[in-house]
Amino acid sequence: MSYPTADYDLVLLDLNLPDGDGFAVCRAVRASPGGPRILMLTARDRLADRVRGLDEGADDYLVEPFARPELLARIRALLRREDGGTAVVAVGELRLDTARFEEFRGERRLLLTPKEFGVLHCLMTRPGRAVPAEELLEHVWDEHADPFTNTVRVTVDSPRRKVTGEDEPLIETVIRQGYRLKETP
C-alpha cells in the first residue's frame, strides 16, 4: 500500500479501506514528523474502536452517521491546533483567520475567493520559500484539477493584486520554482 507524499493539513480517514487497514494508515501517517491532523470518520462505533483509533494517533474520531455542521466544526477545531490553538496565521501585516475565513492586510479586508484564500494560506504557512505550482495545485484544488492549465498562475495573480495595493508586490514569481510570499510584508 502506498501513502500520499504531499503535505496535507488534515486527513479524513475511514477505517474500512478497500486495500488496507485504516489503523495501519493512521500509524504510518503519525510516524512522519510534522504530519497532518487525522480525523477518523467511520461507521465503527464500538468503544474499543474509538479508543484504539485515538491510541493509534487519530486527533479526533467521528462516528457515521454525523451531521455536516458537526464535521465542519471538528475540522475547524483540528486546524486551529496547527498554530498552538489559534486559527490565525500571520506574516507581517497579513492575517488569515482560518476559522472565520477572513483575511486582512493591516486593517483592510482583502475579500478573497475560496481558492485565493487557499493559495494565500499555503504561501503564508511557507513564508520566504518558493512554493511550486504543483504543490499549490495539490493543496488548494481537488484531484480533478488539470495540472497542465494556467489555473494556478491565474489564481495567484488575483491575491497578488489584492494583497499588494499601492505597495510593492508581496507575492513573487520565482522562475522555474513557483511562487513566494516575502517573509516580512
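Mentor: By class, the lining of the second largest pocket in this predicted model has five nonpolar, three polar and three charged residues (Ala, Val, Leu, Ile, Met, Phe, Trp, Tyr, Cys and Pro count as nonpolar, Asp, Glu, Lys and Arg as charged, and the others, Gly among them, as polar). The lining consists of Ala133, Glu134, Leu137, Asp146, Pro147, Thr149, Asn150, Thr151, Val152, Arg153 and Tyr179. A pocket is an open set of points on a 1 Å grid over the protein atoms alone where a 1.4 Å probe fits, with protein on both sides within 12 Å along at least five of seven lines; lining residues have an atom within 4 Å of a point. Two helices, α5 (133-140) and α6 (151-164), each supply at least two residues of this lining (helices are DSSP runs of H or I, at least four residues, and strands are runs of E, at least two, numbered from the N terminus). The pocket has a volume of about 170 Å³, the space filled by probe spheres set on the grid points, which are joined across faces, edges and corners.

Tyr179, one of the lining residues, falls within the strand β11 (178-181). The loop between β10 (171-174) and β11 contains Arg176. Although Arg176 is not a glycine, its phi is positive, about 65 degrees. Arg176 is also exposed, with a relative accessible area of 83% (buried means under 20%, exposed over 50%, partly exposed in between, with a 1.4 Å probe and protein chains only).

Residues are numbered from 1 along each chain as its sequence is written. Local features need pLDDT of at least 70, side-chain atom pairs count only at pLDDT 80 or more, totals for chains, interfaces and linings use all residues, and side-chain values use heavy atoms, with hydrogens and water left out.
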